[in-house]
Amino acid sequence: MQPNNSLDGHILSVLRQSLRTVLPDLSEEQLVLDRDLAELGFNSLDRADVITMTMEALGVEVPVVQFLGVKTIRELTQLFARQSRR
């Protein structure tokens, strides 16, 4: 994903850091933007940890219901970006 602006780039960086904190064996090459998080080894508890860490790092709150159906790094980045612009 090419960030649309510096905010998107920052969000993507924070999100990738959270992903690697939860699953430290992931390489940068594995963090393909459109790959399903489950394929990378993230279960529902891991995803909750990633979301919580990312929200705290970005200083935003996103209602849990908005994460339903979000499966990829790109979708998470876009959701955080929309929330951050509010």
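This is a predicted model: local features need pLDDT of at least 70, side-chain atom pairs count only at pLDDT 80 or more; totals for chains, interfaces and linings use all residues.

**Exercise 1.** Does L40 count as buried or exposed, and at what relative accessibility?

*Solution.* First, some ground rules. Residues are numbered from 1 along each chain as its sequence is written, and side-chain values use heavy atoms, leaving out hydrogens and water.

Next, the cut-offs: buried is under 20% relative accessible area, exposed is over 50%, and partly exposed is in between, using a 1.4 Å probe and protein chains only. L40 has 9% relative accessibility, so L40 is buried.

**Exercise 2.** Find L40 and list what it touches, not counting residues up to four places away in sequence.

*Solution.* Start in the loop between α1 and α2, where L40 lies. Helices here are DSSP runs (H or I, at least four residues), numbered from the N terminus. Now look for contacts, meaning heavy atoms within 4.5 Å. L40 touches L23, L26, Q30, L31, R35 and I73.

**Exercise 3.** Count the aromatic pairs and say what kind you've got.

*Solution.* Rings of Phe, Tyr and Trp (its six-membered ring) pair if their centres lie within 6.5 Å; planes under 30 degrees apart are stacked, over 60 edge-to-face, and the rest tilted. That gives 1 aromatic pair. The rings of F67 and F80 have centres 5.7 Å apart and planes at 55 degrees, so they're tilted. F67 sits in the loop between α2 and α3, and F80 in helix α3, so the pair ties together parts 13 residues apart in sequence. Both F67 and F80 are buried.

How values were computed
Helices (H or I, at least four residues) and strands (E, at least two) are DSSP runs, numbered from the N terminus.
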